[in-house]
Amino acid sequence: MIEQTIADAPAFSARRIVVRTSSLLLAFERIALMGLMYLLTALILVNVVTRYSHFPIYWIDESAVYCVVWLTFIGASAMTRLRLDFAVTMMTERLSARNQKIAKVIATGMVVVFGVALIATCFLWMDPIGLARAGFDARKLAAETFNFLYTERTQTLNWPTWVVYLTLPIFAVSMTVHGLANLLEDLELVPRTPPKGFQLSELDGVN
């Protein structure tokens, strides 16, 4: 009995680590979403004022676009943990309670699979190993692999494009962690953790 308890301890600890990491990510995403929304509002107001004053700031439009892109991916990750992603229930609502639970576990598992596949895709796309082999020389990497990610820059801000595209691997990792936490809860391996800082009604959860 004692040996079984000791054997279960690492697994239970790993589950708690996943859920705890997901909660920390969600708290950070909440702050990031608020900050980006304030920033987007400020950019739009400044853009309106400067255009009305006939002194437009040319880089604000591009800044607002990238702000919306980051807002979208961070918000999508948070929605995954909050279970606010869309779900088609025309079939599952006609199933028994047990089969509904199985369908929910399968759907959550597919989110995790998609997140892992996106992580692998981003790894191949950004090719950090190839960049290291090229001595972190972006032009050498582009010449050898035709991967121009690290040589391109944005049009008006003149930022490296890979900095802007970092939202994709960040989203992939955070969505995978949130999906794992949801899957552990759906399998009833850990108790469901209520989200902190988000005011949700009983009708808000879709999935």
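Predicted model: local features only at pLDDT ≥ 70, side-chain atom pairs only at ≥ 80, totals over all residues.
Ser-174 lies in helix 7. Its relative accessibility is 4%, so Ser-174 counts as buried, the cut-off being under 20%. Leaving aside residues up to four places away in sequence, Ser-174 touches Leu-25, Glu-29 and Ser-77.

Thr-167 is also placed in helix 7. With a relative accessible area of 4%, Thr-167 is buried. Its contacts, again not counting residues up to four places away in sequence, are with Val-69, Trp-70 and Phe-73.

## Confidence

The protein has a mean pLDDT of 88, and 89% of its residues reach 70 or more. Residues 1–7 have pLDDT below 50, and this stretch makes zero contacts in the model beyond near neighbours in sequence.

Confidence is highest in helix 7 (residues 167–186), with a mean of 96. It is lowest in helix 1 (residues 2–52), where the mean is 85.

Just after helix 2, Arg-83 has a positive phi of about 60°.

The largest nonpolar core has eleven residues: Leu-26, Ala-32, Leu-33, Leu-36, Leu-40, Ala-64, Cys-67, Leu-71, Ile-74, Ala-78 and Leu-82. Helix 1 and helix 2 are the elements that give two or more residues to this core. The most come from helix 2, which gives six. In soluble globular proteins, nonpolar side chains tend to be buried together.

Ala-42 is in helix 1. A relative accessible area of 37% makes Ala-42 partly exposed, since that class runs between the buried limit of 20% and the exposed limit of 50%. Between Ala-42 and Ala-64 there are 9.5 Å, C-alpha to C-alpha, and the two are 22 residues apart in sequence.

Helix 5 (residues 138–145) has buried residues at Ala-138, Leu-141 and Ala-142. These residues cover an arc of only 100° around the axis, and therefore lie on the same side of helix 5. An α-helix has 3.6 residues a turn, so residues three or four places apart point the same way. On the other side of helix 5, Arg-139, Ala-143 and Glu-144 are exposed.

The packing partner of the buried residues of helix 5 is helix 4 (128–133). A core of seven residues lies apart from the largest one, and includes Met-126, Ala-134, Leu-141 and Leu-149.

At its start, a side-chain oxygen of Asp-137 comes to within 3.2 Å of the backbone nitrogen of Arg-139. After helix 5 comes Phe-146, with a positive phi near 60°.

Key. Residues numbered from 1 in each chain as written. Heavy atoms only, no water. pLDDT = per-residue confidence, 0-100. Helix = DSSP H or I, 4+ residues; strand = E, 2+ residues; numbered from the N terminus. Contact = heavy atoms within 4.5 Å. Buried < 20%, exposed > 50% of the residue type's maximum accessible area, 1.4 Å probe, protein only. Arc of directions from axis to C-beta. Polar contact = N/O pair within 3.5 Å; in protein donor to acceptor, adjacent residues only side chain to side chain. Core = buried A, V, L, I, M, F, W, Y, C linked by side-chain atoms within 4.5 Å.
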